[in-house]
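Thanks for asking me to look this over. My notes are below as numbered points, to be read with the model open beside you.

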2 protein chains.
Amino acid sequence: MSGQRLGPATPRQRPVPEATVARLPVYHRALATCAERGLTTVSSSDLAAAAGVKAAKLRKDLSYLGSYGTRGVGYEVAHLLACIGQELGIAQQWAVVIVGVGNLGHALAGYAGFASRGFRVAALVDADPVRAGGSVAGLAVRPLEELEDAVVSCGASIAVLAIPAPAAQEVTDRLVAAGVTSILNFAPTPLVVPAGVDLRKVDLALELQILAFHEQRKADLARGAAG
Amino acid sequence: MSGQRLGPATPRQRPVPEATVARLPVYHRALATCAERGLTTVSSSDLAAAAGVKAAKLRKDLSYLGSYGTRGVGYEVAHLLACIGQELGIAQQWAVVIVGVGNLGHALAGYAGFASRGFRVAALVDADPVRAGGSVAGLAVRPLEELEDAVVSCGASIAVLAIPAPAAQEVTDRLVAAGVTSILNFAPTPLVVPAGVDLRKVDLALELQILAFHEQRKADLARGAAG
DNA sequence: AACTGTGAAGAACTTCACAGCA
DNA sequence: TGCTGTGAAGTTCTTCACAGTT
């Protein structure tokens, strides 16, 4: 890594709030767009607009990483891009194991957005003997018995779970035992992991149900106003 | 607005916080599991454990919907299931239009979790002439020119966007103009919608980037402790 | 005795508004 | 003057702890 050896490497900042962490990738993407357009500097308000947040929020978020802007001018695009990229570990290639190659897992295995962000789908695992043995997106699908070996042999610390809910906890336990320390869960069930293991969930039906709740309210409102 | 209808339909509670709304589907699912197991009542602590939250949080969440529990006993499973189901519009069939039938849209079109939660994928639309005209998951894929017609003819108020980022805002505008009032966005770009339209986003690469951030911190920490 | 419902305290996050610097 | 960085205020969400009910 050609990282600077002085302060900037890991200057032990005040801890970055989780809400801020969740926006850093958005800022990174917005900055990349700015760079593509040939901009060399951006103001907080322009960048915030591109990222879909308020300017004050963006400035406070960046302040947790340090002072990267110039008063009266704005932020230097390339520099800020590099700083946020370093925080996110963009330079590094993260090996990811996907467990479950059904409908969804199949799509995730071929999702271009992962590769372009530094994630390499390093192994696919599936419990179904029909699927295991085949290959998806140019990668062999391995049987569930080889889960641990798949994790260890590619050195993955991140796993994606795209399996039915009933199997999710057991597979999670095995992943953690094999050395995985971050899990992205698509199974619609809560998972328990030991301290030190990060867990995020994506629940597709839930997202629609939240929208349906609001649709329902809108309909009730309209009915109340009209009738 | 002033007149309370007092009917069973909309007892006009204090407004339900957004964070609570986002958990109602989780509770609903946990309750469904309880019902399958033949339980007739559950305590807040048992239900909370099944939903992966703390008991106090669950009780406060439910308190926004009304008083459905019995002190000293717990909640009647069937009753609470019905109450939450009503809030979420479970009884209703929501027609959903999916725009973009690539890798991800294809998987979403065939996702069983939608159908089982009251969502009917009513139309598929894609800009690619090769895909349009074909069929996916037993449904014809219509060209982008027919977007408005697809929305109107199936009466969909909910749309799912699984298209590349550059096209997302324009398609959004057209969807809104055609009458869509809720959008689930998978395109990695911020969208602007008018007031009254609900918008949620699912950003798959972002989720992994958040995990990578924490992986990076863990690695830094280990390095600091060891070397 | 057991368990819910909730006011009050606490924590996290957002927004404001302005001091401070280029 | 223009824009960043940030203390302070405001808002939302979570947790606590206990009064109230069966």
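Which residues does Thr172(A) touch, not counting those up to four places away in sequence?

1. Thr172(A) touches Leu161(A), Ile183(A), Leu191(A), Val192(A) and Val193(A), where contact means heavy atoms within 4.5 Å. Before going on, please keep in mind that this is a predicted model, in which local features need pLDDT of at least 70 and side-chain atom pairs count only at pLDDT 80 or more, while totals for chains, interfaces and linings use all residues. Residues are numbered from 1 along each chain as its sequence is written, chains are lettered from A and ligands numbered from 1 in the order in which they are written, and side-chain values use heavy atoms, with hydrogens and water left out.

2. Thr172(A) sits in helix H9 (residues 165-177) of chain A; helices (H or I, at least four residues) and strands (E, at least two) are DSSP runs numbered from the N terminus. Thr172(A) counts as buried because its relative accessibility is 0% (buried means under 20% relative accessible area, with a 1.4 Å probe and protein chains only). A polar atom of its side chain lies 2.7 Å from the backbone oxygen of Ala168(A).

3. Of the atoms of DNA strand D that come within 4 Å of the protein, sugar and phosphate account for 61%.

4. A polar side-chain atom of Arg59(A) lies 2.8 Å from a base nitrogen. Tyr75(A) places a polar side-chain atom 2.8 Å from a phosphate oxygen, and a backbone N or O atom of Gly69(A) is 3.0 Å from a phosphate oxygen.

5. Which element gives the most to the surface near DNA strand D? H4(B) does, with 4 residues.

6. Finally, the sheet of chain B. Its 7 strands form an open sheet of mixed pairing, in the order E6-E7-E5-E4-E8-E9-E10 (two strands pair if DSSP finds at least two bridges between them). Strand E6 (135-136) and strand E10 (198-201) are the edge strands, each pairing on one side only. Strand E5 (residues 119-126) and strand E7 (residues 139-143) of chain B run parallel and are joined by 3 bridges; Val125(B) stands opposite Arg142(B) in E7(B).

How values were computed
A residue is near a molecule or strand if one of its heavy atoms lies within 4 Å of it. A polar contact is a pair of N or O atoms within 3.5 Å; within protein, one must be able to donate a hydrogen and the other to accept it, and residues adjacent in sequence count only if both atoms are side-chain atoms. Buried means under 20% relative accessible area, exposed over 50%, partly exposed in between (1.4 Å probe, protein chains only).
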